[in-house]
Amino acid sequence: MTPTLIQSAAERAGFVRDHLPPQGLFQDQHWRVATAPFPLSEKIAREFQTLGRLLLQYYRAINVLHRQSIAGKQPAWVAEWLERGKPQDLIELQRDAAFKNDVPRVIRPDVLLTDTGLSIIELDSVPGGIGLTAWLNQTYSTLGFPVLGGGEGVHRGFASIFGEAPTVHIVISEEAATYRPEMLWLGDQLGSPRFKVQPDSFEQFAEGDAVYRFFELFDIANVRNAERIFHLARSGQIRLTPPPKTIFEEKMIFALLWNRNLQSFWRQNLGDAFFKRLQSLVPYTWLVDPTPLPPNAAIPELNLTDWQQIKTLSQRERDLILKVSGFSPQAWGARGVYLGSDLSLPDWSAAVDKAIDGAHVSPFVLQRYHKPSLVQSEYFDFDAQRVTPMPGRVRLCPYYFVAGEGDAARAELGGVLATICPADKKIIHGMRDAILAPCIAQGPPVPPR
């Protein structure tokens with residue numbers, strides 16, 4: 001598309017709104033329209049350009065760690081942690097040799113911008129927002145902004161992960177129906193004869209086709225064609241991504257990163273530089289495991305001898321996030337997330353009890369909370385017909401797409417989505433009051449109002 005150089009903030013916002021797809025991008029969801037992309041420093045922009053390589057290597061290492069734990073080459077408790085609460089048939093599926101080396105081909109970290117730098121709080125291998133970010137990049141690029149990833153970066157990236165498959169079926173569950181409009185738009189952009197959004201009743205897959213699994217593994221009992229998809233992928237008849245491995249849908253993989261018993265493994269499989277870089281980006285994370293400790297032992301960093309003692313921490317000491325690790329309908333969005341410093345002592349204690357009581361069925365993780373920085377942004381208020389400044393806190397979501405096979409596979413940045421929430425919101429997620437915008441490297445001036 002030829003860039004449309006619009007100077008007025010009101011006209012730019014109107015252009016964005018007017019170019020929304022007729023069916024929308026999210027089901028029954030709205031956001032505030034930014035007058036320009038969210039600016040990132042050149043340093044952070046460079047960080048995002050190289051972060052995909054690091055995260056792909058981390059996924060590969062997690063995969064090796066799980067396999068070696070099963071084989072007795074790494075501690076058995078690693079596999080026990082990762083498979084805790086999972087049905088046996090799903091455990092056997094993810095252990096199948098057909099998926100031995102498979103890792104997710106879309107990698108999206110949730111990154112907070114803090115006063116001390118970037119903080120990666122989660123990794124999402126089945127992320128929403130792919131179509132939205134593609135549309136935002138395309139639309140603001142048309143306005144003349146050099147967005148990170150480029151105007152077609154997400155389009156190219158998503159298409160690249162399926163190799164030469166003649167048809168790509170994007171199978172979306174009812175649980176993920178919110179994201180159906182954005183994937184319909186993206187499929188149409190990429191070419192509907194090849195890219196098709198399918199309901200979970202569709203089973204007419206042909207040999208050589210590819211399937212994009214847009215449903216979480218906790219939900220497969222409600223996905224009618226899941227068994228058929230997994231059977232065809234297991235037998236090599238179709239190409240499936242992300243693979244049916246619950247290990248990549250667990251937040252506890254960050255607890256493994258920080259476990260001192262595994263330091264030599266990480267250094268060997270990541271390299272010392274990558275290991276240190278990852279630890280500098282990921283907040284300290286623990287798995288809530290109520291297994292009794294020896295009398296002279298303590299939980300690392302917390303210096304507590306029992307998980308019950310977390311209840312006794314003062315509000316100032318409770319700069320901690322408690323959240324469901326995975327394999328649960330509460331494990332995505334802002335559900336199942338508790339910020340200790342924002343809760344009363346009774347509410348915090350109830351959350352801790354929930355984590356302890358459910359540890360062997362639906363594990364929780366505890367993570368240090370690094371408060372996001374206050375950033376200045378603005379949106380266009382169409383009711384008042386004016387540009388409205390909004391101080392807020394931002395979550396950055398870069399989207400990486402893994403193309404190629406084996407050691408030749410590379411994770412390329414497609415785009416970066418900024419979600420800016422009002423400053424009084426403690427947990428940042430998509431909401432009606434949030435500004436959603438693509439990102440740009442700071443440098444080129446923002447067009448005047």
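Exposed means over 50% relative accessible area, and buried means under 20%. These cut-offs are used in the legends below, which describe close-up views of a predicted model.

**View 1. Gln385 is an exposed residue with a positive phi.** Gln385 has a relative accessible area of 53% and is therefore exposed. The residue lies in the loop between strand 13 (375-381) and strand 14. Its phi is positive, at about 55 degrees, although Gln385 is not a glycine.

**View 2. Glu301 is a residue other than glycine with a positive phi.** The phi value of Glu301 is near 70 degrees. Glu301 is placed in the loop between strand 9 (285-287) and strand 10 (320-324). With a relative accessibility of 52%, Glu301 counts as exposed.

View 3. Strands of a sheet pair through backbone hydrogen bonds. Within this sheet, strand 5 (residues 168-172) and strand 7 (residues 210-214) are paired in the parallel sense over 5 bridges. Ile170 stands opposite Tyr212 of strand 7.

View 4. Strand 5 pairs with strand 6 in the parallel sense over 4 bridges. Val171 stands opposite Gln198 in strand 6. From strand 5 the chain passes through helix 7 to strand 6, a β-α-β crossover that is right-handed.

**View 5. Asn225 is a buried loop residue.** Asn225 has its place in the loop between strand 7 and helix 8 (226-234). Because its relative accessible area is 0%, Asn225 is buried. Leaving aside residues up to four places away in sequence, Asn225 touches Val171, Pro199, Asp200, Ser201, Phe202, Glu203 and Phe205. One of these contacts, Val171, is also the residue that stands opposite Gln198 in strand 6.

**View 6. A cis peptide bond joins Thr241 and Pro242.** The omega angle of this bond is about -10 degrees. Pro242 is found in the loop between strand 8 and helix 9.

**View 7. Strand 3 is largely enclosed by the rest of the structure.** Of the 9 residues of strand 3 (residues 106-114), 9 are buried, so the strand is largely enclosed. In a regular strand the side chains alternate between the two faces of the sheet. In strand 3, Val106, Arg108, Asp110, Leu112 and Thr114 point one way, whereas Ile107, Pro109, Val111 and Leu113 point the other way, and all are buried.

View 8. Strand 3 and strand 4 (residues 117-124) pair in the antiparallel sense over 7 bridges. A hairpin connects these two strands through 2 residues. The bridge partner of Asp110 in strand 4 is Glu122. Strand 3 and strand 14 (residues 386-403) run antiparallel and are joined by 4 bridges. In strand 14, Leu396 is the bridge partner of Val111.

**View 9. Strand 4 and helix 9 contribute to the lining of the largest cavity.** The count comes to 1 cavity of 30 Å³ or more. The largest cavity has a volume of about 40 Å³. Its lining consists of Ile121, Glu122, Leu123, Glu250, Lys251, Ile253 and Phe254. Strand 4 and helix 9 (253-258) each supply at least two residues of this lining. Strand 4 gives the most, with 3 residues.

Definitions and conventions
Residues are numbered from 1 along each chain as its sequence is written. This is a predicted model: local features need pLDDT of at least 70, side-chain atom pairs count only at pLDDT 80 or more; totals for chains, interfaces and linings use all residues. Side-chain values use heavy atoms; hydrogens and water are left out. Two strands pair if DSSP finds at least two bridges between them. A crossover is right-handed if, with the strands pointing away from the viewer, the path from the first strand over the helix to the second runs clockwise. Buried means under 20% relative accessible area, exposed over 50%, partly exposed in between (1.4 Å probe, protein chains only). On a 1 Å grid over the protein atoms alone, a cavity is a set of points where a 1.4 Å probe fits but cannot get out, and a pocket is an open set with protein on both sides within 12 Å along at least five of seven lines; lining residues have an atom within 4 Å of a point. Grid points are joined across faces, edges and corners, and a volume is the space filled by probe spheres set on the points. Contact means heavy atoms within 4.5 Å.
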